[in-house]
Amino acid sequence: MATLRIALRNVHRIVNTSAVSGRATTVFRPQYSWVSTYFSTSISNTQPLNIDLSNEESKRRVYNRLLYRSKQRGFLELDLVLGKWVEEHIHSMDENGIKALVNVLDLENPDLWKWLTGQEQPPEAVTVNPVFSAVQQKVLKNLNNHSSPETRATPGRPWVRGWDDIKKGRDSPITGNQ
C-alpha cells in the first residue's frame, strides 16, 4: 500500500512539474537541497545560478560538490576524464568558469561523450562553452597520442566493433559482438 501511495505521489509530481509557464523543464526535480543548488533544471539555462564564493567555507563546499558531480556521473569514461580535469582546474576557476562547468555537468552522458571524442558534432551552445572546449582539447589530444586512428569510429558512425571481430567462424556474428 505504501508503494502505491509513493507511486501516486510521484505521478502527481510529474504531472504538475512537466510544463511550467510554457518553458521546458526536466520532469524529476532533485529531492535534496544541496543538489538543486548546483543543478540547473531549465533546458535553456536562462536561470542565473547563485554560486557563493565569498568565503573559504562556501568555496570549499562548491568545489567539493562539483568535484563529486564530475567524478560520480555513472559513466566510467566520463568519470575519469571529467573528474581528473575538474580536480586539476577547479581551484583556478572564477564564478563564470564554475557556471560553465555546471552547464557541462548538466549535459547527458552519451551525448557529452560523443561530443568530447569527436564522434558527433556538438551544438553551437556547447561549443562556445570554455570548459567544454578545454576538456575536448584534452580528450582529443590524448586520443591522438595514445590510440591509432583505425581503432576509432569515424565521425558520424557509432563504434560497433566487438571482442570477436577477428573470429570469422561459422557460428560467429558477421560484425561486432551482436
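The following legends accompany an overview and several close-up views of a predicted protein model.

**Figure 1. Overall architecture of the predicted model****.** The protein comprises eight helices and two strands. Read from the N terminus, its elements follow the order α-β-β-α-α-α-α-α-α-α. Of the 178 residues in the protein, 27% are buried. The accessible surface amounts to about 12300 Å², and carbon and sulfur atoms contribute 56% of that area. Among contacts with a separation of 6 or more, 45% are made by residues 24 or more positions apart.

**Figure 2. Aromatic pair of phenylalanine 75 and tryptophan 113****.** One aromatic pair is found when the whole structure is searched. The ring centres of phenylalanine 75 and tryptophan 113 lie 6.2 Å apart with the planes at 45°, so the pair is classed as tilted. The pair joins distant parts of the chain, its members being 38 residues apart. Phenylalanine 75 sits in the loop between α3 (56-71) and α4 (76-89), whereas tryptophan 113 belongs to helix α6 (residues 109-117). The relative accessibility of phenylalanine 75 is 23%, and this residue therefore counts as partly exposed, given that the buried class requires a value under 20%.

**Figure 3. Buried residues of helix α6 and the helices around them****.** Helix α6 spans residues 109-117. Its buried residues are Asn109, Leu112, Trp115, Leu116 and Thr117. These buried residues pack against four elements, namely α4, α5 (95-105), α7 (124-127) and α8 (130-146). Glycine 118 follows α6 and has a positive phi, near 80°.

Figure 4. When neighbours within four places in sequence are set aside, valine 104 is in contact with Arg73, Leu82, Leu112, Asn129, Val131 and Phe132. One of these contacts, Leu112, is also among the buried residues of α6.

**Figure 5. Separation of valine 104 and valine 131****.** Valine 104 and valine 131 are 27 residues apart along the chain. Their C-alpha atoms are separated by 7.2 Å. Val131 is one of the residues in contact with valine 104.

How values were computed:
Residues are numbered from 1 along each chain as its sequence is written. This is a predicted model: local features need pLDDT of at least 70, side-chain atom pairs count only at pLDDT 80 or more; totals for chains, interfaces and linings use all residues. Side-chain values use heavy atoms; hydrogens and water are left out. Buried means under 20% relative accessible area, exposed over 50%, partly exposed in between (1.4 Å probe, protein chains only). Contact means heavy atoms within 4.5 Å. Accessible areas come from the Shrake-Rupley method with a 1.4 Å probe; for residues, only the protein chains shown count as cover. Rings of Phe, Tyr and Trp (its six-membered ring) pair if their centres lie within 6.5 Å; planes under 30 degrees apart count as stacked, over 60 as edge-to-face and the rest as tilted.
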